[in-house]
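Visitor: I'd like to learn how to read ring contacts in a model. Could you walk me through it?

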Amino acid sequence: MIAGLLFLAFVYFAVAQAAVTRNGGQTAADAAALAAAQDAREQLRDGWLDVILDPAEWGGYLEGDGYLTDQACGQAEVFAARNRAQVTDGGCSPLRTGEKGFEVEVRTLDAAGVPGGEKQHAVATATAVLEPRCSFDAPEPTPPPTPSTPTPTGSGSPEPTPTPSPEPEPITGLVCDGVEWVIDPDHPRLPDAADLFTVRLAD
């Protein structure tokens with residue numbers, strides 16, 4: 001009877017250990033997928049800032065295009081390792097469903113199993129979605145100023161009047177979650193990465 005009770009105790013311990021390992025693997029997968037999507041979000045904002053005074057170049061960045069997948073997946077590997085797991089070979093990839101984001105698969109470094117049997121590593125997957133929060137309607141371009149009429153000089157030949165360079169105007173048309181942003185070239189107040197995109201785990 002004592003031997004039977006000890007065997008049951010070992011089995012229960014193994015089952016509990018397996019559950020902990022499995023849950024740890026899912027936590028690692030969730031963290032890795034979110035890290036990849038958040039890194040992509042930061043890349044998109046940095047790229048947008050590089051062209052902030054050229055609204056014609058905003059579109060791709062605000063729609064979620066223009067980030068480096070390898071760099072984002074590198075962050076997935078970092079966060080998987082922090083949670084005692086590693087991204088499987090080819091286990092980090094952009095979504096192919098039309099949505100923006102990443103699917104990540106990890107394998108735990110720890111293993112669990114029934115006493116006397118082979119221990120197994122847990123494998124888990126997670127998907128993080130990157131959702132744009134902003135829309136942009138480019139304002140109509142301002143027509144160039146009409147050159148002034150040359151002023152005749154004493155010699156009879158007209159001397160052209162220089163046309164002053166127009167001052168950069170505030171950029172309007174950017175709306176994020178119902179909030180309108182006006183980008184003043186002289187004193188820019190800019191949305192941060194979380195204003196531009198939502199990052200969440202998919203169901």
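Predicted model: local features only at pLDDT ≥ 70, side-chain atom pairs only at ≥ 80, totals over all residues.

Visitor: Is Trp48 buried or exposed, then?

Guide: Trp48 has 0% relative accessibility, so it counts as buried. Trp58 is buried too, with a relative accessible area of 0%.

Visitor: Now the rings. How many aromatic pairs does a search of the whole structure find?

Guide: The search finds 3 aromatic pairs. To sort a pair, look at the angle between the planes: over 60 degrees counts as edge-to-face. For Trp48 and Trp58 the planes are at 75° and the ring centres 5.4 Å apart, so this pair is edge-to-face.

Visitor: Where do those two sit in the chain?

Guide: Trp48 is in helix H1 (residues 2-50), while Trp58 is in the loop between H1 and helix H2 (59-63), 10 residues apart.

Visitor: And how is the pair of Trp58 and Phe136 arranged?

Guide: That one is tilted, with 40° between the planes and 4.5 Å centre to centre. The pair links distant parts of the chain, since Phe136 belongs to strand S4 (residues 134-136), 78 residues from Trp58.

Visitor: Which residues do the ring pairs link into a cluster?

Guide: Trp48, Trp58 and Phe136.

Visitor: What about a charge over a ring?

Guide: For that, check Arg82: it lies over the face of Phe79, at 4.6 Å from the ring centre.

Conventions. Residues numbered from 1 in each chain as written. Heavy atoms only, no water. Phe/Tyr/Trp six-rings, centres within 6.5 Å; stacked < 30°, edge-to-face > 60°. Helix = DSSP H or I, 4+ residues; strand = E, 2+ residues; numbered from the N terminus. Buried < 20%, exposed > 50% of the residue type's maximum accessible area, 1.4 Å probe, protein only. Lys NZ or Arg CZ within 6 Å of the ring centre and 35° of its normal.
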